[in-house]
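Please look through the structure shown below with this report beside it.

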Amino acid sequence: MKTRILLEDKQFEITILRLCHQLIEVHGDFKGSAIIGLQPRGVLLAKRIQKVLQQILKVKKINCGELDTTFFRDDFRKKELIPNSTNIDFIIEEKNVILVDDVLFTGRTIRAGLDAMLAFGRPNDVELLVLVDRRFSRHVPIQAKYVGITIDSIEQQNVKVDWKETDGKDKVTLIDK
Amino acid sequence: MSHLSVNHLLGIKDLTKNDIELILNTAQNFKEVINRPIKKVPSLRDITVANLFFENSTRTRLSFELAQKRLSADIINFSASNSSVKKGETLVDTVNNILAMKVDMIVMRHSSPGAAIFLSKKINAKIVNAGDGAHEHPTQALLDAFSMQEKLGDLKNKKIVIVGDILHSRVALSNIFCLQKLGAKVKVCGPQTLIPKYITSLGIEVETDLHKALEWCDVANMLRIQLERQDIKYFPSLREYTMLYGLNKEMLDKLSKKIVIMHPGPINRGVEITSDVADSKQSIILEQVENGVAVRMAVMYLLAGRKGD
């Protein structure tokens with residue numbers, strides 16, 4: 001199995017920091033905004049971004065939820081679909097929501113995420129933030145507004161994002177299956 | 001394990017511990033779903049379910065129906081009282097006629113033990129047993145276990161007593177299988193005449209003194225006296241039964257710890273349980289009903305979602 005590291009250490013940190021500053025440019029003090037991480041791996045990115053934003057903006061709590069898309073997926077019966085938890089403890093009605101996922105590939109998870117989110121109300125505005133954009137591989141017309149890195153990859157490859165909190169080290173790896 | 005080991009839910013007996021845990025964990029997610037402002041998910045939008053109730057039911061039928069609607073399945077309902085069963089049609093014919101209309105899943109309640117198992121061998125659709133005679137009522141056992149877990153956490157070594165008409169109860173048998181698989185300790189309590197002889201062969205202890213049973217347990221599951229199934233008199237009078245096996249507030253208050261009170265419904269208030277106990281804080285009877293929808297959603301979701309089917 002051939003692997004190649006695309007992002008790690010300082011570079012990883014800078015990328016996250018840049019994404020946070022881009023968010024602040026648009027959302028200001030985040031009073032009318034909320035972050036929603038998609039289960040399972042987007043939640044880790046959402047939490048990291050929440051932490052960094054809170055440090056930069058010196059605020060106590062930026063709304064950050066976790067959303068599971070399992071029941072809204074279109075590949076039911078093609079995959080084992082065991083759900084994760086959903087936890088959104090704020091009202092998303094009239095909020096500017098930033099959906100967060102680690103890797104954007106076919107776009108199907110995001111499509112399911114948009115459907116799943118509507119069960120919690122009608123947001124004012126929805127944006128998409130991803131750490132890795134695997135371009136030219138979309139199955140549905142979905143693009144991210146904020147992107148950490150853009151990569152060219154083929155279907156036979158996997159992209160894995162590791163997190164300090166759960167995997168011991170921040171890094172993005174491209175893996176040949 | 002991320003899928004069920006069975007194609008149908010015919011009884012708890014056929015499930016593994018993993019299956020039960022998978023259903024209960026998935027039900028947790030569905031409980032969150034049914035507490036959202038919009039309580040519906042599209043998972044089963046391509047599935048048609050037929051609810052076949054050859055025997056009366058309010059709670060279970062409504063619970064299944066609601067679970068199916070929350071999963072976006074299409075449903076048709078059937079009850080034996082106003083159907084061709086009365087004209088002499090056989091079970092397999094009735095069901096095959098329904099399946100000819102392209103139905104993917106059958107939820108069935110029937111008064112004959114083994115009806116669901118019989119059907120699963122004859123037809124090609126997923127079957128959920130919603131109670132077959134005095135045999136099994138698997139979704140009730142699963143929702144009972146789910147409700148107990150919510151209150152007590154892991155059920156390993158927890159003590160549960162099932163009180164009342166064990167002989168005619170499908171809830172009792174399914175509960176016993178389910179709780180044993182989850183590692184709980186189970187006793188049954190009731191008049192000797194309403195306790196089947198085989199019960200000890202399942203590794204279940206029998207206690208005929210309700211006070212002792214209550215002192216021992218963490219949870220008391222009070223069953224209804226099923227007069228409609230009793231062809232002979234099993235005890236002298238309801239009043240005597242209530243005196244010996246009815247649960248009242250006084251008895252609860254005397255116990256050294258607060259136990260959890262359950263009842264699968266419908267309650268005969270003043271017979272197996274008094275109103276003040278049924279409505280007390282220790283009772284989780286209405287939680288059981290709420291959890292029923294979540295558990296049934298989980299069962300149908302997991303059965304419909306088996307990979308490659």
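## The largest nonpolar core

In the largest nonpolar core, which holds 135 residues, the ones that touch the most other members are Met105(B), Leu142(B) and Met300(B). The element that gives the most to this core is α11(B), with eleven residues, and the core draws at least three residues from each of domain 1 (12-136 + 290-304) and domain 2 (138-288) of chain B. The model described here is predicted, and this should be kept in mind throughout.

Which residues does Met300(B) contact, once its neighbours within four places in sequence are left aside? They are Leu44(B), Ala67(B), Gln68(B), Leu71(B), Met105(B) and Val128(B), and among these partners Met105(B) is itself one of the core residues that touch the most other members.

## Two domains of chain B

Chain B is divided into domain 1, made of residues 12-136 together with 290-304, and domain 2, made of residues 138-288. The centres of the two domains, taken over C-alpha atoms, are 25 Å apart, and their contact takes 22 residues from domain 1 of chain B and 23 residues from domain 2 of chain B.

On the side of domain 1 of chain B that touches domain 2 of chain B, the elements giving two or more residues are α1 (17-33), β4 (126-132) and α11 (285-304) of chain B. Of these, α11(B) gives the most, with six residues. Sorted by class, this side of domain 1 of chain B has nine nonpolar, six polar and seven charged residues.

## Overall form of chain B

The secondary structure of chain B comes to eleven helices and nine strands, and its C-alpha trace spans about 55 × 45 × 35 Å along the principal axes. A compact globule of 309 residues would have a radius of gyration near 19 Å, and chain B agrees with this because its own value is 19 Å.

Of the 309 residues in chain B, 45% are buried. Among the contacts in chain B between residues at least 6 apart in sequence, 76% join residues at least 24 apart.

Helix α4 of chain B, residues 115-122, has Ala115(B), Ala116(B), Leu119(B) and Ser120(B) buried. These residues lie on the same side of α4(B) because they cover an arc of only 135° around the axis. On the other side of α4(B), Lys121(B) and Lys122(B) are exposed, while the cover over the buried residues of α4(B) includes α3 (91-99), β3 (105-110) and β4 of chain B.

## Where the two chains meet

Contact between the chains involves 13 residues of chain A and 15 residues of chain B. By class, the side of chain A that touches chain B has eight nonpolar, three polar and two charged residues.

## Backbone details in loops

Most residues other than glycine have a negative phi, and most peptide bonds are trans. The bond from Gln39(A) to Pro40(A), however, is cis, with omega near -5°, and Pro40(A) is found in the loop between β2 (33-38) and α2 (42-57) of chain A. The bond from Gly265(B) to Pro266(B) is also cis, with omega near -10°, and Pro266(B) lies in the loop between β9 (260-262) and α10 (275-278) of chain B.

Glu94(A), in the loop between β3 (64-67) and β4 (96-104) of chain A, has a positive phi near 65°. Is Glu94(A) buried or exposed? Glu94(A) is exposed, with 11 other C-beta atoms within 10 Å. Lys102(B), in the loop between α3 and β3 of chain B, has a positive phi of about 65°, and Lys102(B) counts as exposed because there are 9 C-beta neighbours inside 10 Å.

Conventions
Residues are numbered from 1 along each chain as its sequence is written. Chains are lettered from A and ligands numbered from 1 in the order in which they are written. This is a predicted model: local features need pLDDT of at least 70, side-chain atom pairs count only at pLDDT 80 or more; totals for chains, interfaces and linings use all residues. Domain bounds come from an automatic or database domain assignment. Two residues are in contact if their C-beta atoms, placed from the backbone, lie within 7 Å. Helices (H or I, at least four residues) and strands (E, at least two) are DSSP runs, numbered from the N terminus. Ala, Val, Leu, Ile, Met, Phe, Trp, Tyr, Cys and Pro count as nonpolar, Asp, Glu, Lys and Arg as charged, and the others, Gly among them, as polar. A nonpolar core is a set of buried Ala, Val, Leu, Ile, Met, Phe, Trp, Tyr and Cys residues joined through C-beta atoms within 7 Å. A residue is buried if 20 or more other C-beta atoms lie within 10 Å of its own, exposed if 12 or fewer, and partly exposed in between; C-beta atoms are placed from the backbone. The radius of gyration is taken over C-alpha atoms; the globule rule is 2.2 Å times the number of residues to the power 0.38. The arc is that of the directions from the helix axis to the C-beta atoms.
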